[in-house]
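Here is a walk through one protein model. It starts with open space and then turns to the sheet and its helices.

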Amino acid sequence: MKSHLIYICIALAAVLSACTKGETYDDTPEPVRYEYGLPIDSFRVDTGFVKQGETLGGILGRLGADRKQLAQLATLPCTEFDVRSLRPGKEYLGLHQTDTAGVEHLCYWIYKASSREVTVLHLTDSMHAEHHKKPLRYEAKSACVGIESSLWNAMVGNDLPVELALELSEIYAWTIDFFGLQKGDSVRVYFDEIYVDSTRVGIGQIYACNFYHARKWQEAFYFEAGELHTYFDGDGKSLRKSFLKAPLNYKRISSHFSYARKHPVFKIVRPHTGVDYAAPTGTPVVSIGDGVVIEKAYKGQAGNMVKIKHNSTYTTAYLHLSKYGKGIAVGSHVSQGQVIGYVGATGAATGPHLDFRVWKNGTPVDPLKLESPPADPVPAKYRAEFDSVVNVMRTHL
């Protein structure tokens, strides 16, 4: 007992000594943590995920909602929360509190429709829903990626958003054949990544990029001024050409432009003034440029065919189609990238493919060697501003 009192005295002396030296003790309570407008730490939280075929009533019942709360679901306006919008796999939270009598009640139900959008269902008093949208955060990022097989794989292998591959293929659609990429090609890019909290949810604007392909670099700079909002190369020339490099996403080129090809059906040597793109039946086929449909018909060995006149110089044709695109008719105007038909094997064909043909001044030309004239360059009135943007963007590449 005596030794116990000694220890107590020593402890008291230490406390008194600390106080005399000016030491203080912080008894400030921890700040209240709010999420979705609620003091989240004051609740007991249940977490779950919507199951296939599950209803909101079933979920709330399992979480402990009372009869009154379940009955109020029928009065909840669809404009506040549409119960049919529940999707399997989406996360939800049930927030519980215990009253003075020791009885626990389900007070709120939180549905996470996405990483950004959340609905809070208030279950106390009058039932109603509140919608919360977390702010987006933009973070500029530079990246340099080497290509071993495909642009898509290069992005995945370097922990970059796969959306970059899609956007880059759009930017360079008129200058690079992305089915012809080779090991050793590379790309540098400066762009915005979009975050919700610390989670990456996508990409924003690509400001500048430089693609190495076919032994040359091809710059692209986004420029926005007045009516302009597109990409130009470093010299101010538009990357948007009059024609796309290819009219579809294809598996391989099964036959090239030739004046001495053995026909796969008739087994005789005769000219093939087009390029055959092997692709599954139903693959969308698009017009490589703006123009007017001058033929749409079944043309014997060519099968279902669409022919488009783009200007006084160029005409294109799309053969062996399984069916035509919506609204395609002789005399109709089509836009670059518009679906004009779908891959098939109509006419004289051994399998599904697109026979794509181009004429220049009435003479067949190899589509793979087509020199596409560029669109308008940066207007003179914006040239100084554009050059300034290019100088800044090059530092990020």
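What volume does the second largest pocket have? About 730 Å³. The model is predicted, so to speak of local features pLDDT of at least 70 is needed, side-chain atom pairs count only at pLDDT 80 or more, and totals for chains, interfaces and linings use all residues. Residues are numbered from 1 along each chain as its sequence is written, and side-chain values use heavy atoms, with hydrogens and water left out.

A pocket is found on a 1 Å grid over the protein atoms alone, as an open set of points where a 1.4 Å probe fits, with protein on both sides within 12 Å along at least five of seven lines. Lining residues have an atom within 4 Å of a point. Points are joined across faces, edges and corners, and a volume is the space filled by probe spheres set on them.

The second largest pocket is lined by 31 residues. W174, T175, Q218, K241 and K245 are the closest to its centre. Strand β11 gives the largest share of this lining, 4 residues. By class, the lining has 13 nonpolar, 7 polar and 11 charged residues. Here Ala, Val, Leu, Ile, Met, Phe, Trp, Tyr, Cys and Pro count as nonpolar, Asp, Glu, Lys and Arg as charged, and the others, Gly among them, as polar.

Now the largest pocket. Its space is about 890 Å³. Of its 31 lining residues, S169, E170, A173, F179 and N249 are the closest to the centre. Helix α5 supplies the largest share, 5 residues. The class count is 20 nonpolar, 7 polar and 4 charged.

Next, the sheet. Helices (H or I, at least four residues) and strands (E, at least two) are DSSP runs, numbered from the N terminus. Five strands form an open, antiparallel sheet in the order β8-β9-β10-β11-β12. Two strands pair if DSSP finds at least two bridges between them. The edge strands, β8 (137-146) and β12 (228-232), each pair on one side only. Strands β9 (186-196) and β10 (199-213) pair over 10 bridges. V196 stands opposite T199 in β10.

Two helices meet this sheet. Helix α5 (163-171) lies across β9, β10, β11 (216-225) and β12, at about 45° to β10. Helix α6 (383-396) touches β8, β9, β10, β11 and β12, with contact meaning heavy atoms within 4.5 Å. The direction of α6 makes about 125° with that of β11. Axes are lines fitted to C-alpha atoms, for helices over the stretch in contact, and angles run from 0 to 180 degrees between N-to-C directions.
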